Amino acid sequence: MASKEILRVSDLCVDLFTQRSVIRPVDGVSYSVAAGETLAIVGESGSGKTVLNFAPLGLMPTGVNVDLSGSILFNDTELVGIAEPALRKLRGGSIGTIFQDPMSALNPARTIGRQIAEVSELHMGLSSSQAESRALDLLKLVRMSDPDARLKQYPHELSGGLRQRVMIAIAVAAEPQLLIADEPTTALDVTVQAQIIALLKDLQKRLNMAIVLITHDMGVVAGIASRVAVMYAGRVAEYGPVGDVLVEPRHPYTMGLIDAIPRADDAPGSLFRGLPGAPPILGAPIPGCAFAPRCHAAIESCHITRPALVSTVQPLVSAACPIINKHNHGGAYVQH
Amino acid sequence: MSSTKSVLRVENLVTRFKSVERGKWVKAVDGVSIELRPGEIVGLVGESGCGKSTLGRSIVGLERPQSGRILLDDIDLSGLGGRKLRETRRAIQYVFQDPYASLNDRQTIGEAITEALVIIGIHDRTRQRRRVHELLDQVGLPDTVAERYPRELSGGQRQRVAIARSLAVEPRVLICDEPVSALDLSIRSQVMNLFLTLQKDLGVACLFIAHDLALVRQAASRVYVMYLGKIVEQGTSLDVYERPTHPYTRALLASIPSADPRIEATREVPALLGDIPSPTNPPSGCRFRTRCPSAVEACAVAEPPTVWVGPGHGAACIFAAQIRATEVVPQPEPQRLPQQLSA
Ligand SMILES: Nc1ncnc2c1ncn2[C@@H]1O[C@H](COP(=O)(O)OP(=O)(O)O)[C@@H](O)[C@H]1O
Ligand SMILES: Nc1ncnc2c1ncn2[C@@H]1O[C@H](COP(=O)(O)OP(=O)(O)O)[C@@H](O)[C@H]1O
Ligand code: SF4
Ligand SMILES: [Mg+2]
Ligand SMILES: [Mg+2]
């Protein structure tokens with residue numbers, strides 16, 4: 001499948017300067033996404049998933065100064081160092097975004113229809129009445145029941161699942177080439193989550209969109225993504241095709257995460273598998289492997305030298321762990 | 001049906017709220033009966049808005065039920081009042097999803113736990129200190145946490161503190177409302193194992209409210225499945241998860257995504273369409289009928305009674321016996337083809 005590459009992130013670092021602290025929540029991250037493909041970015045809270053995706057788009061809260069280094073190529077446009085007006089044109093235009101909490105992203109005082117129409121007016125230059133009829137089409141596209149009536153409703157009148165559909169309608173209004181979705185189903189029940197995932201897959205097929213989907217749920221990764229980047233403390237621990245990384249994880253962190261998922265053959269009342277300890281609180285960059293204090297396989301050098309993300313024996317999978325590469329046989333590497 | 005005497009019994013509980021629609025009621029809990037035996041972890045699952053929290057809050061007295069009975073060791077709480085009620089109710093403690101909300105940010109952890117000790121009459125300073133350390137140890141936290149403030153702790157640590165504090169009053173029952181939903185996977189296992197250990201060591205019974213079905217399957221010996229204010233299926237975890245009998249339970253279980261991409265690749269249409277209807281105007285008859293693949297006209301007429309398909313295994317569906325026997329959910333003709341994915 002030789003699809004066109006839409007996004008290439010190389011060695012991206014993000015430093016955040018606030019009044020009280022300086023932290024580096026994104027520390028040397030690289031990945032790429034092609035048209036029609038979904039890349040999942042998975043990791044525990046605080047691992048830098050949101051900052052990684054939204055700081056480069058200028059979508060950080062005010063009061064934070066952002067410093068970017070590295071490169072983000074969107075098609076042939078370099079986003080690191082791009083001027084704000086050019087960035088504003090991309091946001092909501094050829095790059096659509098979906099946030100975890102649709103309530104905070106929607107204007108509570110305006111109708112659903114108006115909010116969707118605005119995007120088409122802004123980015124596609126449609127007249128107000130053209131945009132209104134396009135809003136209706138978009139609600140149909142995201143398979144809202146009773147779309148005519150929904151246009152006149154306000155966000156608080158909708159359930160969480162329907163609000164997320166509205167967010168999706170807004171995000172795809174300008175037919176973006178890239179959709180960045182930040183935990184779009186985390187606040188939803190599994191039943192509604194399954195509907196939203198099905199919808200995203202369907203839209204992707206129709207629009208040939210590239211999707212970057214942020215989640216902490218391996219089930220969501222398995223359901224929608226073709227490739228996955230596993231983040232830990234601002235760095236990518238493992239990166240590769242979903243069929244490899246989820247089925248035969250190589251990095252000890254990925255192994256621990258996947259091992260911690262309850263399985264159907266776990267006896268009721270049996271102890272839960274998991275990882276010891278907790279992720280680090282970010283401050284000064286960590287010299288060695290950030291996972292070393294929790295890692296059962298760590299050796300002395302893990303605490304001292306930062307492991308590079310390099311290809312494993314399966315060349316499509318890379319992992320930032322010298323131990324697994326030394327053992328030279330990814331999945332057969334034994335835990336405990 | 002129970003061989004052991006129950007520590008907590010809820011009978012036909014109804015809790016409703018005034019609706020924003022004038023003169024109408026939100027029937028959040030609408031005739032629920034459940035039971036907990038000593039030292040048992042029992043799961044309560046269902047989509048958000050089905051009334052799980054309202055049921056839990058009603059049991060601990062945070063909501064006032066409109067009717068029904070709550071019995072602790074066969075003592076009917078509704079027959080008690082004032083101080084006697086407060087003292088009896090102390091045996092039931094509530095653990096919130098967000099421990100931050102239940103901890104005072106100006107109190108150290110030690111102070112928060114001591115406050116609970118005073119309630120049960122422990123006033124001696126040395127005894128208080130010893131007990132605080134015992135409790136912290138029980139939930140796997142170091143002594144030094146006693147001097148810390150809630151904001152200085154991680155989410156997982158805060159949840160442990162909240163558990164330590166509820167244990168301080170030596171409860172017999174914990175109502176745990178989504179206690180690990182806000183925690184990351186790797187921390188979640190640690191806190192879940194804490195519940196399992198506490199249950200073994202202290203014999204505390206636990207009503208474990210969660211929307212994460214896989215978690216409940218492993219932690220609970222029995223489970224109740226709730227839909228729109230009613231219990232639709234109940235039984236041992238093995239029965240409910242291995243031989244789900246209510247169409248709702250089956251759809252809920254089928255919706256859990258697998259972390260195995262090979263299994264996900266075979267997934268077809270979502271198992272359940274639309275959202276849970278409003279509890280202000282629930283559907284007539286079986287409340288699940290508007291989303292049920294098996295619904296026939298009879299489902300709209302009368303509320304289906306619980307059919308016992310095995311020891312302690314019940315499902316409130318007119319097809320329960322048939323589904324249990326054939327392991328398939330009937331799809332009556334003509335099949336309702338949903339026009340849209342959302343209701
Ligand atoms: N506005 C902000 N100001 C200061 N620190 C922030 C801000 N947003 C995020 N961070 C910090 O950056 C790190 C990564 O955060 P985030 O990207 O939100 O993680 P994730 O999305 O993986 O949960 C965290 O340590 C967080 O505390
Ligand atoms: N204080 C309240 N006032 C009005 N309605 C409420 C109140 N608390 C809960 N509800 C409603 O009761 C129903 C059940 O809510 P809840 O018990 O929180 O469900 P769950 O915990 O299963 O998500 C929902 O429709 C909810 O909106
Ligand atoms: S009683 Fe009817 S509507 Fe209700 S679950 Fe059974 S088949 Fe479905
Ligand atoms: Mg985030
Ligand atoms: Mg709740």
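The model is a predicted one, in which local features need pLDDT of at least 70 and side-chain atom pairs count only at pLDDT 80 or more, while totals for chains, interfaces and linings use all residues. Residues are numbered from 1 along each chain as its sequence is written, chains are lettered from A and ligands numbered from 1 in the order in which they are written, and side-chain values use heavy atoms, with hydrogens and water left out.

Let me begin with ligand 1. An oxygen atom of ligand 1 lies 2.8 Å from a side-chain N or O atom of A:Thr50. A polar side-chain atom of A:Lys49 is 2.9 Å from an oxygen atom of this ligand, and for a backbone N or O atom of A:Gly46 the distance to a ligand oxygen is 2.7 Å. Of the 550 Å² of accessible area that ligand 1 has on its own, the protein covers 70% (Shrake-Rupley method, 1.4 Å probe; for residues, only the protein chains shown count as cover). Which element gives the most to the shell around ligand 1? It is α1(A), with 3 residues; helices here are DSSP runs of H or I with at least four residues, strands are runs of E with at least two, and both are numbered from the N terminus.

I turn to ligand 2. Among the residues surrounding ligand 2 are B:Phe17, B:Lys52 and B:Pro279, where a surrounding residue has a heavy atom within 4 Å. An oxygen atom of ligand 2 is 2.5 Å from a side-chain N or O atom of B:Thr54.

Finally, helix α10 of chain B, residues 247–255. Why is this helix largely enclosed by the rest of the structure? Because 7 of its 9 residues are buried, that is, under 20% relative accessible area with a 1.4 Å probe, protein chains only. B:Tyr248 and B:Leu252 are among them. The buried residues pack against elements including α8 (190–207) of chain A and α13 (320–326) of chain B, contact meaning heavy atoms within 4.5 Å.

Methods. Buried < 20%, exposed > 50% of the residue type's maximum accessible area, 1.4 Å probe, protein only. Polar contact = N/O pair within 3.5 Å; in protein donor to acceptor, adjacent residues only side chain to side chain.
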